[in-house]
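User: I am new to this structure. Please show me how to read its features, one at a time.
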Amino acid sequence: MAEEIQEEVVEESVVEDGADVEEEELVVTDEMLDNIADTAIAALQDILQYFNVGDITIDEYEGDEGELILDISGDDMAVLIGRHGKTLDALQFLVSMITVRTIGFRYPVIVDVEGYKNRQRQKLESIAHSSASRAASQHRKVSLRPMTPYERRIVHIALRDDDRVDTISEGEGSARHVVVVPR
């Protein structure tokens, strides 16, 4: 990656009997970041060969929260996004799991297609801010639609510095959603 960035990642290792959990701090160097990116891109390319998407370009860059973002562009990318982004979510899950298994620790990897997730992120942030305004002005909780963990995280991050409200996640499974609570 072009930027020189060092990041701390906490790695958990569990002893076989489950009795002992130890945490060690791991400093991620530029070389390690390059290895993470190479591993994630290789996994993504291996998976994409089954989609018959033709010539593609994969751009890599670091996100605002320290995650590695792989943005795919090409001619017909709709098949990679799928209905409501479900295919893209599955693709990201696979690439993340393969990367974790290969490098031996968790590092956030986001797979995007032609900025789709960035546009969705902007929409979610807008919904979060308008919900916060509504919760604060009406002095009542505002429940948002059920969301994926990634979407809920975006809402929580968008409102974490808003002194008027708090956010909590409620519900189970596919019904889990964010509730914006006035302070």
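Analyst: Start with the term for elements: helices (H or I, at least four residues) and strands (E, at least two) are DSSP runs, numbered from the N terminus. This is a predicted model: local features need pLDDT of at least 70, side-chain atom pairs count only at pLDDT 80 or more, and totals for chains, interfaces and linings use all residues. Residues are numbered from 1 along each chain as its sequence is written, and side-chain values use heavy atoms, with hydrogens and water left out.

User: How many helices and strands does the chain have?

Analyst: There are 5 helices and 8 strands. From the N terminus, the order is β-β-α-β-β-α-α-β-α-β-α-β-β.

User: What share of the chain is buried?

Analyst: Buried means under 20% relative accessible area, exposed over 50%, and partly exposed in between (1.4 Å probe, protein chains only). Of the 183 residues here, 38% are buried.

User: Which residues form a nonpolar patch on the surface?

Analyst: A patch takes residues with over 30% relative accessible area and no salt bridge; nonpolar side chains (Val, Leu, Ile, Met, Phe, Trp, Tyr) are joined within 5 Å, like charges within 9 Å. A salt bridge is a side-chain nitrogen of Lys or Arg within 4 Å of a carboxyl oxygen of Asp or Glu. Areas come from the Shrake-Rupley method with a 1.4 Å probe, and for residues only the protein chains shown count as cover. Here the patch is Phe 93, Leu 94 and Ile 98, with about 280 Å² of accessible area together. Ile 98 sits in helix α3 (residues 86-103). Its relative accessible area is 36%, so Ile 98 is partly exposed.

User: Is His 139 buried or exposed?

Analyst: His 139 is at 66% relative accessibility, so it counts as exposed. His 139 also has a positive phi of about 50°, although it is not a glycine. The loop between α4 and β6 holds His 139.
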